[in-house]
Amino acid sequence: MQETGQQGYQQQPGYPPQYMLQEQVAPVVTVKEWLITMLILIIPIVNIVMMFVWAFGGGNPSKANYFKAALIWAAIITILYVVVFVLILGSLAATFS
């Protein structure tokens, strides 16, 4: 029998306890941090290295997700450029041979 004022809560097997289900909120990236980030992204070579650091380092999850997406887009665009370059070189080679 339950006492007055207490809820009957039974732990479900295979599920974490209720106190572990609290959502963790990442800190907001401030304007100052974004300005510094953009300033670093202007520097050649350093920008590529820092994109990997921010994407796979242990920093802010929002910033990490942004740079993971940016790296995926950079890879897609690089592959497209290589394909177009190879097609153009192939057509030029066929034209002049």
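Modeller: Helix axes are lines fitted to C-alpha atoms over the stretch in contact, with angles running from 0 to 180 degrees between N-to-C directions. Helices are DSSP runs (H or I, at least four residues), numbered from the N terminus. The model is predicted: local features need pLDDT of at least 70, side-chain atom pairs count only at pLDDT 80 or more, and totals for chains, interfaces and linings use all residues. Residues are numbered from 1 along each chain as its sequence is written, and side-chain values use heavy atoms, without hydrogens and water.

Biologist: At what angle do the axes of α1 and α3 cross?

Modeller: The axes of α1 (residues 31–42) and α3 (residues 61–96) cross at roughly 30° and come within 13 Å. Therefore α1 is roughly parallel to α3 (angles under 35 degrees count as such).

Biologist: Which residues make the contact?

Modeller: Contact means heavy atoms within 4.5 Å. From α1 come E33, W34, T37 and L41, and from α3 come K63, Y66 and F67. By class, four are nonpolar, one is polar and two are charged.

Biologist: How are the rings of Y66 and F67 arranged, and which residues form the aromatic cluster?

Modeller: Rings of Phe, Tyr and Trp (its six-membered ring) pair if their centres lie within 6.5 Å, and planes over 60 degrees apart count as edge-to-face. Y66 and F67 form an edge-to-face pair, 5.1 Å centre to centre with 85° between the planes. The cluster consists of W34, W54, Y66 and F67.

Biologist: Is F67 buried or exposed?

Modeller: F67 is buried, at 1% relative accessibility, because buried means under 20% relative accessible area (1.4 Å probe, protein chains only). Y66, at 48%, is partly exposed, a class that lies between buried and exposed, the latter being over 50%.

Key:
Helices (H or I, at least four residues) and strands (E, at least two) are DSSP runs, numbered from the N terminus. Angles under 35 degrees count as roughly parallel, over 145 as roughly antiparallel, 65 to 115 as roughly perpendicular and the rest as oblique. Ala, Val, Leu, Ile, Met, Phe, Trp, Tyr, Cys and Pro count as nonpolar, Asp, Glu, Lys and Arg as charged, and the others, Gly among them, as polar. Rings of Phe, Tyr and Trp (its six-membered ring) pair if their centres lie within 6.5 Å; planes under 30 degrees apart count as stacked, over 60 as edge-to-face and the rest as tilted.
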